[in-house]
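Hello,

Have it open while you read, if you can.

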Amino acid sequence: MRCVLFSLRSHHADRIFSGEKHAEFRRNRVHLQVGDHAFVYQTRPVALVTGIFVVGGVLPATPSAIAALEPDPCEREAVTRYVVGARNPTAILVQDPRRFARPLELAEVGAARAPQSYQYISADSLDVVFS
C-alpha cells in the first residue's frame, strides 16, 4: 500500500471533507492504486495535515474529461484552466474522506516540509491515524 501527501488549498480540502468534491485533480500522473491512502495537507494559513481519504481510482484522461468530473459549474471552469496544457492530467477519485479531530504536524506523517504538489510518504504514517 502506498501513501501520498497532497498539498491543497483550504477551499478544496473543505469540499473534499464535506463530500462536495469527489476527485482531486493533478496536471501530472500520480502513481497510486485503488485502496492507497492520501493525506491532505492544507496550505497556509492552516499549514497542517487535516485529514485523509482512500484512493477510489486513478483516471488519466483528457482535460475536458477531467473537468467533466467536477459537479460544480464554477469549479469546473477553474479545473479546466488548471489542466489545460497538461501532459498527463489525472483525477484521483476520493473515497471515505475523513477530517482529523486533531490536525497533524508534517513531522507526524514523516514529512520534513510541505509538498509543492504532492509527495509520497511511508505507509507507517497510517499508524498515527489508525492506532
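Arg 15, Glu 20, Glu 70 and Glu 75 are joined in a network of salt bridges (a salt bridge being a side-chain nitrogen of Lys or Arg within 4 Å of a carboxyl oxygen of Asp or Glu). Please keep in mind that this is a predicted model, in which local features need pLDDT of at least 70, side-chain atom pairs count only at pLDDT 80 or more, and totals for chains, interfaces and linings use all residues. Residues are numbered from 1 along each chain as its sequence is written, and side-chain values use heavy atoms, with hydrogens and water left out.

Now the pairs within that network. Glu 70 forms a salt bridge with Arg 15, and their closest N and O atoms are 2.8 Å apart. Glu 70 sits in the loop between helix 2 and helix 3 while Arg 15 is in helix 1, so this pair ties together parts that are 55 residues apart in sequence. Helices here are DSSP runs of H or I with at least four residues, strands are runs of E with at least two, and both are numbered from the N terminus. Glu 70 and Arg 15 are both buried (buried means under 20% relative accessible area, exposed over 50%, and partly exposed in between, with a 1.4 Å probe and protein chains only).

Arg 15 also forms a salt bridge with Glu 75, with the closest N and O atoms 3.9 Å apart. That pair links distant parts of the chain, Arg 15 in helix 1 and Glu 75 in helix 3, 60 residues apart. Glu 20 counts as partly exposed because its relative accessibility is 45%, whereas Arg 15, at 6%, counts as buried. A search of the whole structure finds eight salt bridges.

What else is buried in helix 1 (10-18)? Besides Arg 15, the buried residues are Ala 13, Ile 16 and Phe 17. The buried residues of helix 1 pack against several elements, among them strand 1 (3-8), strand 4 (48-60), helix 3 and strand 5 (90-104); contact here means heavy atoms within 4.5 Å. After helix 1 comes Gly 19, with a positive phi near 90 degrees.

Helix 3 (residues 73-83) has Glu 75, Val 79 and Val 83 buried. These residues are on the same side of helix 3 because they cover an arc of only 65 degrees around the axis, the arc being that of the directions from the helix axis to the C-beta atoms. In general, an α-helix has 3.6 residues a turn, so residues three or four places apart point the same way. The face turned away from the buried side of helix 3 carries the exposed residues Pro 73, Cys 74, Glu 77 and Arg 81. Cover for the buried residues of helix 3 includes helix 1, strand 2 (23-26) and helix 2 (63-68). Gly 85, which follows helix 3, has a positive phi near 85 degrees.

Finally, some backbone details. Arg 44 and Pro 45 are joined by a cis peptide bond, with omega about 15 degrees, and Pro 45 lies in the loop between strand 3 and strand 4. Ala 47 is found in the loop between strand 3 and strand 4, and its phi is positive, near 55 degrees, in a residue other than glycine.

Happy reading!
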